[in-house]
Amino acid sequence: MQEDSLNVVQDWLDYDQSLISTIGEKYYKNNGIEVYSNKQGTPIPNEITNSYPHAYSLVKVLKEFINHNNPEDTLKVLDAGSGSGIFARHFLLAARDENILDRVEVLLADYSKTALENIKKKNMLKEFVENKNYKLLHLDLFNLDGCTTVTGENYKLENLSLVVLNYIYDVLPMIVLRPSIDSETTYEKLQFKILGNIESQSQSINLNSLFIEDRWQAYNIEEQNDLQKKYYSLLEPGKTNHIGQIFYSYGSLAVTEGLISRLNEDGFIYVAEMPHHSVYKTCFQVYGNSIAHFVNLDLISKFIHNNNLSSLVTQDALLQHAFYFRNPKILKSLDEILQKVFVDSSLTDLYADLRQCLSVIISPHSKELNKFLLDKLLSIDPYSCFSYMARANYHQRCKESQLAEEMYNKALKIDYLNDFS
Ligand SMILES: C[S@@+](CC[C@H](N)C(=O)[O-])C[C@H]1O[C@@H](n2cnc3c(N)ncnc32)[C@H](O)[C@@H]1O
């Protein structure tokens, strides 16, 4: 494309105000669970966070929490930013498998009404009872008091035992800073100017068709929004990441602080995020028509400790996992199971590897290898659409066409993102 045929779509703005950061909101709100489907170009990553092994790992921790604390009430588990609803489905299935289904109620909450409607329309939680095993809530994480049920009644978010934030921090506002060249204690902020071949402002904008120019400007905290001012003292001059930047995840800090206030005394928060491995030289990745920024979990841990709460943070190949506890005694009582399930092993990594291995088998002569991998997969993922498809492929390879068709039909019944139909 000719540079001179481009027009300015948006003039210089801070990272968090720029279209790059703001475009995702409309995308999630308009497109509902379609954004997770691989039929729509690059989907929003969801296979790992939404997998049964991921949900099962967390249920194991919650079961230990129940055994240890013997709470009397039903435990409220808030799936904040529930997206496609597949995590909640797997969480409920895992709770049923671990015999704690009657002890939990999962609150699926999202600011995308479309996603919530999709979950209902597709009857994705049909094995479970609405308002007993689960509830659908319309919620903006920056306005916890405004939470309502899908039919519009106010819902008081309180007494939460567990809050799950799967890939949520990466869509909350942040600003990108770097130390100033002439002083260790002052910063510069990243700004973008957006160019594109767009004729009218009403035209829908596709992130991949935009050209981004960047520049660094002096960062004066007095001119920034209230949330940036509120958490500014957490920043440590000179403490940059491997690309020499500081991701000031102020939106994640604000949402975490808000959610902590809705936990009951023994409640805790679980976060799953994408790691910022050294191969990534950027502050964000584009998925669908949205971005996911890398997140500064160190900053959030610092906030947690400054407030006398405790945390456990661990990382495997695909996810960073963080647990934040209101009551330090609860971390102590769960430490053994957390080490076992999240630190010393990772069902999500194993699941991802098995998916990869199964997808590269091509030969009908590799039946034994296929069976070995399939059995491993089924031992950690008995219910997903992917696992039924893997069974169908195996039976196909063994020329057992009736069984293959049976499995294929089962897969289609739970192919809520319609990736396989
Ligand atoms: C990257 S997706 C993750 C979805 C799901 N948790 C998963 O792991 O697949 C982010 C989700 O957060 C929701 N979301 C983003 N900002 C939100 C906000 N301020 N309040 C509530 N939901 C929000 C989006 O609608 C979307 O469903």
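This note goes through the ligand site, the pockets and the cavities of a predicted model.

1. **Ground rules.** The model is predicted, so local features need pLDDT of at least 70, side-chain atom pairs count only at pLDDT 80 or more, and totals for chains, interfaces and linings use all residues. Residues are numbered from 1 along each chain as its sequence is written, and side-chain values use heavy atoms, with hydrogens and water left out.

2. **Who surrounds the ligand?** Which residues come nearest to the ligand? They are Thr49, Gly81, Asp110, Leu141 and Asn166, out of 19 residues around it. A residue is near a molecule if one of its heavy atoms lies within 4 Å of it. By class, this shell has 10 nonpolar, 7 polar and 2 charged residues. The classes work like this: Ala, Val, Leu, Ile, Met, Phe, Trp, Tyr, Cys and Pro count as nonpolar, Asp, Glu, Lys and Arg as charged, and the others, Gly among them, as polar.

3. A polar contact here is a pair of N or O atoms within 3.5 Å. Threonine 49 has a side-chain N or O atom 2.8 Å from an oxygen atom of the ligand. Aspartate 140 also uses an N or O atom of its side chain, 3.1 Å from a nitrogen atom of the ligand. Leucine 139 takes part through a polar backbone atom, 3.5 Å from a ligand nitrogen.

4. **The largest pocket.** The ligand takes up the space of the largest pocket. A pocket is an open set of points on a 1 Å grid over the protein atoms alone, with protein on both sides within 12 Å along at least five of seven lines. Lining residues have an atom within 4 Å of a point. A molecule sits in a pocket if more than half of its atoms lie within 2 Å of its grid points. The volume of this pocket is about 690 Å³, counted as the space filled by probe spheres set on the points.

5. **Its lining.** The largest pocket has 34 lining residues, and Tyr28, Tyr111, Ile168, Val171 and Leu172 lie nearest its centre. They divide into 16 nonpolar, 13 polar and 5 charged. Helix H1 (19-31) gives the most, with 5 residues. Strands S3 (104-110), S4 (134-140) and S13 each supply at least two. Helices (at least four residues) and strands (at least two) are DSSP runs, numbered from the N terminus.

6. **The second largest pocket.** Its volume is about 580 Å³. Of its 30 lining residues, Tyr351, Arg355, Cys385, Phe386 and Phe420 are the closest to its centre. Helix H11 (385-397) makes the largest share of the lining, giving 6 residues. The lining has 14 nonpolar, 9 polar and 7 charged residues.

7. **The largest cavity.** A cavity is a set of points where a 1.4 Å probe fits but cannot get out. There are 2 cavities of 30 Å³ or more. The largest cavity has a volume of about 90 Å³. Its lining includes Tyr28, Ile44, Met274 and Tyr287. Strand S13 (residues 290-293) gives the largest share, 3 residues. By class the lining has 9 nonpolar, 1 polar and 1 charged residues.

8. **The second largest cavity.** What is the class make-up of its lining? There are 3 nonpolar, 6 polar and 1 charged residues. The volume is about 30 Å³. Among the lining residues are His54, Asp316, His321 and Phe342. Helices H2 (52-69), H8 (328-343) and H9 (347-360) are the elements that give two or more residues to this lining.

Definitions and conventions. Polar contact = N/O pair within 3.5 Å; in protein donor to acceptor, adjacent residues only side chain to side chain.
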